[in-house]
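Keep the 3D view open as you read.

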Amino acid sequence: MTDRHSKGQEGAALSRPETFEIRIEGEAGSFRCRSDQPVLIAMRAAGKAGLPVGCRSGGCGICRIKIAKGDIRTGYMSSAYVSPEDKEAGYALACRVYPSSDLEVTHAPCRSKSQSTPARKAQAA
Ligand code: FES
C-alpha cells in the first residue's frame, strides 16, 4: 500500500482522472472509482453497501478501512480514527481515499476513539 499524495486532491486536478476497480472484502462484485473520486462516494453511486456511510468528511471514522492491495491518495482524516502509525499500516477512511490503482479493501471499524488498533498495539508492545 502506497499513499502517493497525502495532501489531498491537488495532483488529480492537474491530470485527467483514471478509473480503477475497487473490491470490498465480503461484498459481491466490484465497482469502478475515478482517481478524483472518494471510494465511499463511488461505492454508493454504484449501488453497493459494503461499507457504512457517515459524515463523508473524514470526521466520524465509521468508514475506516484497511487497504489490502493497491495504491491510494488521501485527503483529511481525523487522527482519532487513523493515527500516523495506522496510516503507515494501511488504514484509512474510505470517504477520504482516492485510488491510484485497483484496490482491495476490508472494513476495519474502530469501536471508539480511544480503541487501540493493531498498529497502536504493535507500537505499545
Ligand atoms: S463517513 Fe465519516 S469518516 Fe468517512
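## Overall layout

Among contacts in the protein chain between residues at least 6 apart in sequence, 63% join residues at least 24 apart; two residues are in contact if their C-beta atoms, placed from the backbone, lie within 7 Å. This is a predicted model, in which local features need pLDDT of at least 70 and side-chain atom pairs count only at pLDDT 80 or more, while totals for chains, interfaces and linings use all residues. Numbering starts from 1 along each chain as its sequence is written.

The protein chain has four helices and eight strands, in the order β-α-β-β-α-β-β-α-β-β-β-α from the N terminus. These are DSSP runs numbered from the N terminus: helices are H or I, at least four residues, and strands are E, at least two.

## Strand 8 and its partners

Strand 8 (residues 103-107) pairs with strand 2 (residues 19-24) in the parallel sense over three bridges, and here Ile 22 stands opposite Leu 103. Strand 4 (residues 64-69) runs antiparallel to strand 8, joined by four bridges, with Ile 67 opposite Val 105. Pairing requires at least two DSSP bridges between the strands.

## The nonpolar core

The largest nonpolar core has 27 residues, and Ile 22, Val 39, Ile 65, Ala 92, Leu 93 and Ala 94 touch the most other members. Helix 2 gives the most to this core, with four residues. Such a core is a set of buried Ala, Val, Leu, Ile, Met, Phe, Trp, Tyr and Cys residues joined through C-beta atoms within 7 Å; buried means that 20 or more other C-beta atoms, placed from the backbone, lie within 10 Å of a residue's own.

Leaving aside neighbours within four places in sequence, the contacts of Ile 22 include Val 39, Leu 103 and Val 105.

Note on methods
A residue is buried if 20 or more other C-beta atoms lie within 10 Å of its own, exposed if 12 or fewer, and partly exposed in between; C-beta atoms are placed from the backbone.
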